[in-house]
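Here is a quick tour of a protein chain for someone seeing it for the first time. Have a look at the structure, then read on.

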Amino acid sequence: MNDEVKIVANYLPQFHEIPENNQFWGKGYTDWVAVRNAKPLFDGHNQPKVPYAQNYYSLDTYDSIEKQVKLANQYGIYGFNIYHYWFNNDLNLLTKPAQIIRNSSELQIHYMFTWDNASWKRTWSAVKHANDWAPVNDNNENQENKSQNSTGILAELIYGTENDWKNHFEYLLKYFKDERYIKEENMPLFGIFNPDNQPKVLKKMMTFWNKLAQENGFDGVKFICKNNHGENKISSFSFAYEPGNSAWESRTLVNKVWKYFDRKKTGTKPKVYQYENVWRNLIHRAKKSHDKNLCFGCFVNFDDSPRRGCNGRIISGGTPKLFENYLAQLIQICKLKKKTILFITAWNEWGEGAYLEPDESNGVEYLVALKNAIISVNELEDNSLDADE
């Protein structure tokens with residue numbers, strides 16, 4: 001169908017050992033460390049999450065990627081949106097899963113990149129536009145670094161100038177040319193997760209990349225930036241990363257005041273939100289949206305306490321049936337608004353409790369729910385066409 005909504009699942013490559021993770025957080029660190037070590041923080045808190053058959057896979061092997069691709073194909077996933085961690089010409093991390101897919105044409109899955117354009121830092125670092133990957137893993141040694149006036153930067157993002165941008169583009173070009181790489185109107189899609197991080201530099205780089213893309217047979221690059229409510233908008237096209245800030249709770253004055261004072265509390269307990277409330281906020285905003293260039297997003301579940309402990313946020317009350325119901329509603333909205341891609345958090349963000357992959361608690365039920373949602377919307381449309389005839 002021409003108006004098919006393609007489900008693209010955000011994909012985290014942080015599940016294979018790399019020297020930098022060993023250096024930053026200890027030998028053998030991957031996101032599985034946080035997942036395995038998670039503890040329940042209140043009665044009824046379902047932690048730790050355990051992958052089905054305790055399959056703590058490593059994404060530097062072909063077999064692991066092949067199993068993921070087969071599952072994705074079986075249950076209706078169109079493609080993976082792989083996080084891209086390019087820091088500078090000398091530092092590009094967690095590249096193995098994408099390389100395996102690109103080099104293995106028999107793995108029939110579409111894919112694209114979203115650049116998480118931020119430095120990596122220690123939890124205590126005050127540097128802006130940086131990710132603290134493993135707060136629970138930060139230890140006393142890091143506090144010692146802090147006392148020595150360290151910035152806490154582990155991997156520094158350096159945009160550089162045109163020569164650096166060209167080198168980055170040429171790396172990506174090997175993927176853009178792959179027929180499985182997601183494109184629209186002869187333009188490869190490329191996500192930018194942090195458009196607020198030096199937007200003037202990003203705009204110049206994007207203009208330069210468009211020129212390079214045209215020189216290589218494309219009509220440009222279709223940059224699609226994380227929606228940030230109009231601030232520092234650097235591209236016509238954007239995507240809603242969910243659950244985003246506006247989906248968690250209402251943005252009333254009373255709520256903002258409550259949030260301000262609540263931030264003063266530390267070391268107490270994580271914030272808990274209700275699954276249906278977050279989804280209803282998400283659906284409400286999608287219905288109201290008139291932005292033709294915005295790709296909607298959604299989520300499976302969310303619980304980042306494995307990474308952030310008592311400073312985490314948890315969405316409670318999710319079930320496969322609720323997920324199926326709300327996802328079907330959102331797919332229908334996408335069809336009505338002529339949206340061709342729907343992003344979902346996530347395929348495998350286990351450290352944030354956001355995953356479609358089978359686990360010991362639910363097996364493949366969330367994947368079945370996703371497939372059922374797609375089928376139900378298509379059947380509804382087919383029945384409507386039959387009635388018109």
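## The chain as a whole

Of the contacts in the protein chain with a separation of 6 or more, what percentage comes from residues 24 or more positions apart? It comes to 77%. Keep in mind that this is a predicted model.

The protein chain has 389 residues, and 52% of them count as buried.

## The nonpolar core

Let's start on the inside. The largest nonpolar core takes in 116 residues, and Phe80, Trp120, Phe190 and Phe323 have the most contacts inside it. Which helix gives the most to this core? That's helix H12, residues 320–336, with nine residues. As a bit of background, nonpolar side chains tend to be buried together in soluble globular proteins.

Leaving aside residues up to four places away in sequence, Phe190 touches a whole list of others, among them His84, Met112, Phe113, Trp115, Leu172 and Phe176. Further along the chain, its contacts include Trp209, Val221, Lys222, Phe223 and Ile224.

Next, find helix H4 (residues 96–103) and helix H6 (residues 162–176). They pack with their axes 10 Å apart, at an angle of about 45 degrees, which makes H4 oblique to H6.

Who does the touching? On the H4 side the contact is made by Ala98, Gln99 and Arg102, and on the H6 side by Tyr171, Lys174 and Tyr175. By type, the residues of this contact split into three nonpolar, two charged and one polar.

## A sheet in the order E6-E5-E7

Now for some strands. Three of them make an open sheet in the order E6-E5-E7, and the pairing is mixed. Strand E6 (130–131) and strand E7 (153–155) are at the edges with a single partner strand each, so one side of each has no neighbour in the sheet.

Strand E5 (residues 119–121) is joined to E7 by two bridges, in the antiparallel sense. Look there for Lys121, which stands opposite Ile153 of E7.

Is Tyr159 buried or exposed? Its relative accessibility is 7%, so it counts as buried.

Tyr159 touches Trp115, Asn117, Asp164, Trp165, Asn197, Gln198, Val201 and Leu202, if you skip residues up to four places away in sequence. There's also Phe87: it is 72 residues from Tyr159 in sequence, but the C-alpha atoms of the two are 7.5 Å apart in space.

## A second sheet, with a helix across it

Another open sheet has three strands in the order E12-E16-E15, again with mixed pairing. Strand E12 (271–274) and strand E15 (302–303) are the edge strands, each pairing on one side only.

E15 and strand E16 (residues 313–316) run antiparallel and are joined by two bridges. Phe302 has Ile315 in E16 as its bridge partner. Helix H10 (residues 275–288) lies across E12 and E16, and runs at about 65 degrees to E12.

## Backbone details to look up

The one from Gln47 to Pro48 is cis, with omega near 0 degrees; Pro48 is in the loop between helix H2 (31–37) and helix H3 (62–75). The one from Glu242 to Pro243 is cis too, with omega near 5 degrees, and Pro243 is in the loop between strand E11 (237–239) and helix H8 (245–248).

Then there is the matter of positive phi. Glu185 isn't a glycine, yet its phi is near 55 degrees. You'll find Glu185 in the loop between strand E8 (183–184) and strand E9 (187–192), and it counts as exposed at 62% relative accessibility. Lys338, also not a glycine, has a positive phi of about 60 degrees. Lys338 lies in the loop between H12 and strand E17 (341–345), and at 68% relative accessibility it counts as exposed.

How values were computed:
Residues numbered from 1 in each chain as written. Predicted model: local features only at pLDDT ≥ 70, side-chain atom pairs only at ≥ 80, totals over all residues. Heavy atoms only, no water. Axes fitted to C-alpha atoms, helices over the stretch in contact; angles between N-to-C directions. Helix = DSSP H or I, 4+ residues; strand = E, 2+ residues; numbered from the N terminus. Parallel < 35°, antiparallel > 145°, perpendicular 65-115°, else oblique. Contact = heavy atoms within 4.5 Å. Nonpolar A, V, L, I, M, F, W, Y, C, P; charged D, E, K, R; others polar. Pairing = 2+ DSSP bridges. Core = buried A, V, L, I, M, F, W, Y, C linked by side-chain atoms within 4.5 Å. Buried < 20%, exposed > 50% of the residue type's maximum accessible area, 1.4 Å probe, protein only.
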